[in-house]
Amino acid sequence: MDGSSSSSQSQDKPLMESHKFFHFEDGDETIDIKIPEVVDPSYGMYVWPCAPVLAQYVWFNRHSIRDRTVLEVGAGTSLPGVVASKCGAKVILSDDARLPKCLENCRKSCSANGLVGIEVVGITWGRFSADVISLPAVDVVLASDCFYDTKDFEDVLATFCYLLNKNKHAQCWVTYQERSSDRSIEHLLTKFDLQCTHIPLGMFKADEPHLAGSNLPGDHTIQFLLITNKMAVT
């Protein structure tokens with residue numbers, strides 16, 4: 001995941017940092033992204049296999065998000081959000097309000113790529129704090145591997161539902177890694193009046209084991225979902 005929640009974070013243990021590099025190209029258009037990673041038990045502190053797939057979808061649709069408001073939730077290392085910003089979107093990055101190191105890693109990713117003025121906010125799944133309520137209506141929600149722990153699925157979708165209800169045109173662009181055939185969000189989509197469309201990775205040139213010059217997603221099975229409100233305006 002470009003991930004969300006995890007166990008409590010140690011505030012005094014020294015952490016080892018490294019970087020991953022990603023290169024996106026389409027004809028004469030290219031961008032290069034540098035993502036700081038931290039060797040830490042926190043899920044969100046390094047790039048998971050879903051992130052470059054979602055980033056590739058952002059890159060593939062870069063012209064449609066220019067000047068649009070894009071929120072990445074559970075951002076962690078923020079690869080998709082950074083790509084969106086590089087493509088001209090107005091980006092807000094977020095991660096669990098209880099994980100300050102993940103929020104700081106979002107800021108480090110911005111700094112590593114020369115991005116200034118990007119808001120980083122704490123959003124905890126299923127909790128509607130003042131920070132969540134004060135968010136502007138967004139056009140696109142990015143979520144990379146946020147369907148990781150089944151106990152969080154309902155809270156994740158409750159958060160999506162709230163954001164989509166603020167803008168009936170909005171979409172959630174979601175990647176997740178298949179880990180078990182027993183995991184399903186269909187009943188929760190119905191509960192929150194949401195609908196989803198599966199988009200084959202080949203539709204946006206992401207059906208390869210190595211994307212953007214990286215060794216990800218490797219041999220992991222990644223799925224892409226486009227989630228909208230059932231009352232979405234078309």
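Let's begin with the largest pocket, which has a volume of about 260 Å³. Keep in mind that this is a predicted model.

So who lines that pocket? There are 15 lining residues, and the ones nearest the centre are Y176, S180, R183, S184 and I185. If you sort the lining by class, you get six nonpolar, five polar and four charged residues. Two strands show up here as well: strand 7, at 171-177, and strand 8, at 194-198, each give at least two residues to the lining.

Okay, now let's move over to strand 3. Is strand 3, residues 69-73, enclosed or open? Well, five of its five residues are buried, so the rest of the structure largely encloses strand 3. And both faces are covered: on one side you have T69, L71 and V73, on the other V70 and E72, and all of these are buried.

Next, the neighbours. Strand 3 runs parallel to strand 4, residues 90-95, and four bridges join the two. To find one of those spots on screen, look for T69, whose bridge partner in strand 4 is K90. To get from strand 3 to strand 4, the chain goes through helix 3, residues 79-86, and this β-α-β crossover is right-handed.

Strand 3 also pairs with strand 6, residues 140-144, again in the parallel sense and over four bridges. Here you can look for E72, which stands opposite L142 of strand 6.

How values were computed. Residues numbered from 1 in each chain as written. Predicted model: local features only at pLDDT ≥ 70, side-chain atom pairs only at ≥ 80, totals over all residues. Heavy atoms only, no water. 1 Å grid on protein atoms, 1.4 Å probe; cavity = no way out; pocket = protein on both sides within 12 Å on 5 of 7 lines; lining within 4 Å. Points joined across faces, edges and corners; volume = space filled by probe spheres on them. Nonpolar A, V, L, I, M, F, W, Y, C, P; charged D, E, K, R; others polar. Buried < 20%, exposed > 50% of the residue type's maximum accessible area, 1.4 Å probe, protein only. Pairing = 2+ DSSP bridges. Right-handed = clockwise from strand over helix to strand, strands pointing away.
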